[in-house]
Amino acid sequence: MGAQAFDEGVATLLSSYRAIPPGATVRLAKKTSNLFRQRAANPHPGLDVSGLDRVISVDKATKTADVAGMCTYENLVAATLPYGLAPKVVPQLKTITLGGAVTGLGIESTSFRNGLPHESVLEIDILTGGGEIITATPGNDNADLFFGFPNSYGTLGYSVRLKIELEEVAPYVALRHVRFHRLDDLQKTMAAIAADGSYDGEPVDYLDGVVFTADECYLTLGRQTDEPGPTSDYTKRNIYYRSIQHRDGVTRDRLTIHDYLWRWDTDWFWCSRAFGAQNPRIRRFWPKKLLRSSFYWKLIGLDHRFDIADKLNARKGQPANERVVQDIEVPIENTTAYLEWFLENIPIEPIWLCPLRLREPSLPNSDAVRPWPLYPLEPRRTYVNVGFWSAVPVTPGDPGHANKLIERTVAELDGHKSLYSESFYAPDEFDELYGGENYRLLKKRYDPQGRLLDLYAKAVKRQ
């Protein structure tokens, strides 16, 4: 992108801010989003971030990159892989932006050793509600915003530039798909791998899992390697998640590092089946360039706009659907309990698993402090992200019935739920889970005139 192009993008951003009427809410003018909650239409002009979608520079010596806030991970990875480097955490979908993963939450199979994307940020330029661009770092006068920014979803400002850490990667990833017939065996093995980074004498650099049923569940263990050899291709006919399944024991596979990082994007994990894309007769003629999450998002948008799925259900005499599209975290020791409850009560499969552990706090006296107050996971504690993305029949008279059950169960198991989709919390419960007084203090300091939406209004009231 270069510094000059970035400066021009910033100038465009500030000009668009000044064009927003003084009493209007400041929002992005982006046409696309990776959020699943519907939002109220914005009658006013939005922030023009079109010039902030690229990598500014990559420094191989320091293993860092300067990145514009709206750069997608697809563009970020394309810029870093030629140097043998990658972001420490690369969320699964190509169109997720770095700024979005930091102000929301991102996760992937390196999270058991690298934490979450915001933990790789060294400094960040943020456009506040007042139209000022400030720099926040862990040690400067804006450190409170640096640590409060994750999970704020644009309600404390928008990222303009981020300096992030990168890590060295090898050209290939060797995979082992390990089958389990009991959820508690899977939990114990996942905990052991997360603790020591190895399994059966081999190092583990990447770790995630898939649950099909209580007696068919898998951990996928990835190991970086530069050894040449054949690789699989899951970008056309073959479907990655189906390659995981086998009768017993361990199967092996191999991908290039590029294809490993994007292994889930081709079929949006398994959600492409809802559009018929996994039907062999349809897939044969489906253009390869449309086998990607960004195209499925367009189909989702059409469904939201015209209620296509519910109308088709009505013609078949079936009830409308309640969307259950969520990612939650529970402590790893509660994984089996949550999965058993989910499989018994929510008719959705498969389910994705991804262990995570926050990186060691680097600030003085941080042992007694949760460093990210708006999503307060405990340092030195391992959690498991559980992802499930589908729909269930509506419960008459109780909108969001299944999602409310999930929220209640997650809280009972000392967990948290991401806010990219529908939420149904009461204000006091939301306060307790997502920063409460810390958030109000940040809002008062960095958005005193309330130009940006409130987090509860955005996440729960869908404003």
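Author: Two strands are said to pair if DSSP finds at least two bridges between them. Helices (H or I, at least four residues) and strands (E, at least two) are DSSP runs, numbered from the N terminus. The model is predicted, so local features need pLDDT of at least 70 and side-chain atom pairs count only at pLDDT 80 or more, while totals for chains, interfaces and linings use all residues. Residues are numbered from 1 along each chain as its sequence is written, and side-chain values use heavy atoms, with hydrogens and water left out.

Reader: What radius of gyration does the protein chain have, and why does it agree with a compact globule?

Author: The radius is taken over C-alpha atoms, and the globule rule is 2.2 Å times the number of residues to the power 0.38. The C-alpha atoms fill a box of roughly 60 × 60 × 50 Å along the principal axes, and the chain has 16 helices and 16 strands. For 463 residues the rule gives a value near 23 Å, with which the chain agrees because its radius of gyration is 22 Å.

Reader: Which strands are the edge strands of the open sheet?

Author: Eight strands form this sheet in the order β12-β7-β11-β10-β14-β15-β13-β16, with antiparallel pairing. An edge strand pairs on one side only, and this holds for β12 (250-256) and β16 (416-417).

Reader: Which residue of β14 is the bridge partner of V210?

Author: Strand β10 (residues 206-213) pairs with strand β14 (residues 351-357) in the antiparallel sense, over three bridges. In β14, the partner of V210 is W352.

Reader: At what angle does α12 run to β15?

Author: Axes are lines fitted to C-alpha atoms, for helices over the stretch in contact, and angles run from 0 to 180 degrees between N-to-C directions. Contact means heavy atoms within 4.5 Å. Helix α12 lies across β10, β13 (321-331), β14 and β15, and its angle to β15 is about 5°.

Reader: Why is α12 described as roughly antiparallel to α13, and at what angle do they cross?

Author: Angles under 35 degrees count as roughly parallel, over 145 as roughly antiparallel, 65 to 115 as roughly perpendicular and the rest as oblique. The axes of α12 (residues 335-345) and α13 (residues 401-412) come within 11 Å. The two helices are therefore roughly antiparallel, the crossing angle being roughly 160°.

Reader: How many nonpolar residues does the contact of α12 with α13 have?

Author: Y338, W341 and F342 of α12 meet L405, I406, T409 and V410 of α13. Ala, Val, Leu, Ile, Met, Phe, Trp, Tyr, Cys and Pro count as nonpolar, Asp, Glu, Lys and Arg as charged, and the others, Gly among them, as polar. The contact has no charged residues and one polar residue, and its nonpolar residues number six.

Reader: How many charged residues are in the contact of α6 with α12?

Author: The axes of α6 (residues 183-196) and α12 come within 9 Å and cross at roughly 145°. On the α6 side the contact is made by L183, D184, Q187 and M190, and on the α12 side by T335, T336, L339, E340 and L343. By class, four are nonpolar and three polar, and the charged residues number two.

Reader: Which residue forms a cis peptide bond with E349?

Author: Most residues other than glycine have a negative phi, and most peptide bonds are trans. The bond in question has an omega of about -5°.
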